[in-house]
Amino acid sequence: MPSRDMLFEGGRVLVDNDRFEAVSILVRDGLVAALLPQGDGPDDAERVDVADRLIVPGLVNGHTHSHGALGRGGVSDDFTLEAFLSGAAWLNTQRSVDDLRLAAELSAVELIRKGCTACFDLFVELPGPTVAGTHAVARAYHNAGMRAVVAPMIADKTLYQALPGLLDAFKPPLRDAVAALSLPAWRDIMAVCEEAFGSWPVPRDRVRPGLGPTIPLHCSDDFLRACGALSATDGLPLQTHLAETRMQQVMAARKYGTTLTGHLDRLGVLSGRFSGAHGVWLSGAEGDLLAQHGAGISHNPLSNLRLGSGIAPVRRLADAGVRLGVGTDASNTSDGQNMFEAMRLAATLSRAQTADPADWVTVTEAFRMATEGSAALLGLDRVGRIAPGWAADLLFLDAGYCHYTPLRNPLDQIVLAETGAALREVMIAGRLVLAGDRILTLDEAELSRRARDAAARIDAASLDVRVMNEAASHVVRSFCRAQCAAHPAP
Ligand SMILES: [Zn+2]
């Protein structure tokens, strides 16, 4: 049965991600049905007074990993990405299907509390995805009331198989231990994905499947071709970590004789459904290649800073015509799911790259990247701005909060100052999911209790793996340092 129309009256509304106007928002069947002069509106609508609210579209997270929600605090503060992949692998090795769902629900709670209404989740299940695990994550977002692309993060090569020469840097017995690690064959992984997507457990209007080949170096060429083909036949968004570190480009040159993006182009993986996460070390030619294919990049400044990966060339990519979104990355490398913080860094970090304001990422650009820009990476249509016919994914900010006192330029003050502290209500697809400082769709206290129990169990069961991972990470670190020192930056 259609729900009753809602009319939000008296607020200041960011219209078309362009300007604030004093209009009423009519919400019908999950959409913004109309923006009306204040005082107008159908008599039978439920009227809601939002006179003290700034209303903006929900933020969209272009790149995250829900499994990180159960890995908080497990990543040493001196880890680079490669040290993280080797030294913190234990965090994901002892997880049940219930743990995958729990992690996604925990992640959804933080996303909603920080103003995010949709996300691209590359969740991992080891050694490979299962139908039950993939469906558990999909159900988590469905129950949370969020929009999400649920993409199993998949690989058929371990880190030790992926990086040419790495295994030779190890001595026995550690060499034997890391050489013995393996992942499923790519055909088996693809068969699971196709079965999971074909029997999708929830309506696809909010939560839909995607593909997440983790890092090109970690996937065989045939595997990447198969991912590109399935993305094309089923219209699935596909995302991979692209040039996140300089090490990845150094290894690509050695392994493929070309750049990472050039390699993906040769394999036919680039398309308008393709997005790369990070893109820190993309060359100008790679930006042009991405733009030619209508592909995108999710800018993830928080984890790029945390792991010392660098600062992505956002202005150069934008000028080349690459579609851009903003993401947080995982809660164990960012170290949270705060899209306000990620959006602010998208604007301010560009100012550390050049003293010329003409090349900075403006407040308006950062806001559009973090809303409709990311939504395009998720393959979502008419999500990420407030306009008639667009999704009723709305954030209601307290206009009396200190960030907005005095209030001169709401968009500047939101992008440059908001942390989520002034967020009072969140609506997704016309349904309130946060109000009165409470998530309305999930039991947060119960989730916290289960998270503590799960973390204690995972930590206790992972002791041996953890010792091995930590020893391996030292070898990986010195190998990566030597490789990068021997190969100047491109
Ligand atoms: Zn990531």
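Which strand holds His-278? His-278 sits in strand E14, residues 274–278. The legends below cover this residue and several other sites. This is a predicted model: local features need pLDDT of at least 70, side-chain atom pairs count only at pLDDT 80 or more, and totals for chains, interfaces and linings use all residues. Residues are numbered from 1 along each chain as its sequence is written, and side-chain values use heavy atoms, with hydrogens and water left out.

**View 1. His-278 has a positive phi in a strand.** Its phi is about 90°, although the residue is not a glycine. Strands (E, at least two residues) and helices (H or I, at least four) are DSSP runs, numbered from the N terminus. His-278 is buried, with a relative accessible area of 0%. Buried means under 20% relative accessible area, exposed over 50%, and partly exposed in between (1.4 Å probe, protein chains only).

**View 2. Asp-29 has a positive phi in a loop.** Phi is near 50° in this non-glycine residue. The loop runs between strand E4 (23–28) and strand E5 (31–37). Asp-29 counts as exposed, at 52% relative accessibility.

**View 3. Domain 1 meets domain 2.** Domain 1 covers 6–57 + 389–439, and domain 2 covers 59–377. These bounds come from an automatic or database domain assignment. The C-alpha centres of the two domains lie 31 Å apart. Domain 1 brings 31 residues to the contact and domain 2 brings 25 residues; contact means heavy atoms within 4.5 Å. Between them the domains bury about 2,300 Å², with 65% of it on carbon and sulfur atoms. Buried area is the accessible area (1.4 Å probe) that two parts lose on being put together, summed over both. Asn-17, Val-415 and Ile-428 supply 26% of the area that domain 1 buries against domain 2, more than any other three residues.

**View 4. Arg-113 pairs with Asp-437 in a salt bridge.** The closest N and O atoms are 2.9 Å apart. A salt bridge is a side-chain nitrogen of Lys or Arg within 4 Å of a carboxyl oxygen of Asp or Glu. Across the interface of domain 1 and domain 2, the rule finds three salt bridges.

**View 5. Two cis peptide bonds lie in loops.** One joins Leu-126 and Pro-127, with omega about 5°. Pro-127 is in the loop between strand E9 (116–123) and helix H3 (131–144). Another joins Ser-334 and Asp-335, also with omega about 5°. Asp-335 is in the loop between strand E16 (323–326) and helix H13 (339–348).

View 6. A disulfide is a pair of cysteine sulfur atoms within 2.5 Å. The disulfide count is zero. Cys-193 is buried, with a relative accessible area of 1%, whereas Cys-402 counts as exposed at 54% relative accessibility.

**View 7. Asp-265 lies in helix H9, residues 260–266.** Asp-265 counts as partly exposed, at 29% relative accessibility. Leaving aside neighbours within four places in sequence, Asp-265 is in contact with Leu-270, Leu-289 and His-293.
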